[in-house]
Amino acid sequence: MSGPLLLPDVPDEVPPGGLSIGETAALTGVGVETLRYYEREGLLLDPAPRDAGGRRRYRKNDIAWISGLVMLRETGMPIADMRVMADLSRRSGTEAERLEFLERHRERVIEEMERTKRHLSAIDKKIGAYRLHAEEEAQAREEGEQPHGHDDEDHGTR
């Protein structure tokens, strides 16, 4: 593979013999079955090496790659796109394609963040309306007035 692989840092030291699948799952926050699935789906750069008993052992670069997959997945990248990224990353001379692929993903992430910000703003407005209503009802009770409306009304905040 030519060019550096830009992957998240692996915070813990990984022994030369690698980590078990359970240890890798705990370190990366990915379930054991998800790790097996990622391998079956060709998302890992290389299949995890096995020990004499046939158990998977994950090396530092495997764990860094898995951490990168977690980042991509948590930013909404579909598995099919993750597979494309893995395929590109296995081949030298594909850096320009990887860059373009990640730039497109970045744009989708930004669009999703903007959409989420708009939704959050709407939620904040609803919270403000409900708080105002609760304060008005509390003040009315203190003044001995009957609260307006019923508890199950939405008070125009839909």
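**Close-up views of a predicted model**

Tyr38 is buried, at a relative accessible area of 5%, where buried means under 20%, exposed over 50% and partly exposed in between (1.4 Å probe, protein chains only). The model is predicted, with residues numbered from 1 along each chain as its sequence is written. Local features need pLDDT of at least 70, side-chain atom pairs count only at pLDDT 80 or more, totals for chains, interfaces and linings use all residues, and side-chain values use heavy atoms, without hydrogens and water.

**View 1. The aromatic pair of Tyr37 and Tyr38.** One aromatic pair is found in a search of the whole structure. Tyr37 and Tyr38 form this tilted pair, 6.3 Å centre to centre with 50° between the planes. Rings of Phe, Tyr and Trp (its six-membered ring) pair if their centres lie within 6.5 Å; planes under 30 degrees apart count as stacked, over 60 as edge-to-face and the rest as tilted. Tyr37 counts as partly exposed because its relative accessibility is 30%.

**View 2. The packing of helix 3 and helix 4.** Helix 3 and helix 4 (residues 79-90) pack at an angle of about 145°, and their axes are 10 Å apart. Helices are DSSP runs (H or I, at least four residues), numbered from the N terminus. Axes are lines fitted to C-alpha atoms over the stretch in contact, and angles run from 0 to 180 degrees between N-to-C directions.

**View 3. Ile63 in helix 3.** Ile63 lies in helix 3 (residues 60-74) and is buried, because its relative accessible area is 1%. From C-alpha to C-alpha, Ile63 and Gly18 are 9.3 Å apart in space, although 45 residues separate them in sequence.

Terms used. Helices (H or I, at least four residues) and strands (E, at least two) are DSSP runs, numbered from the N terminus.
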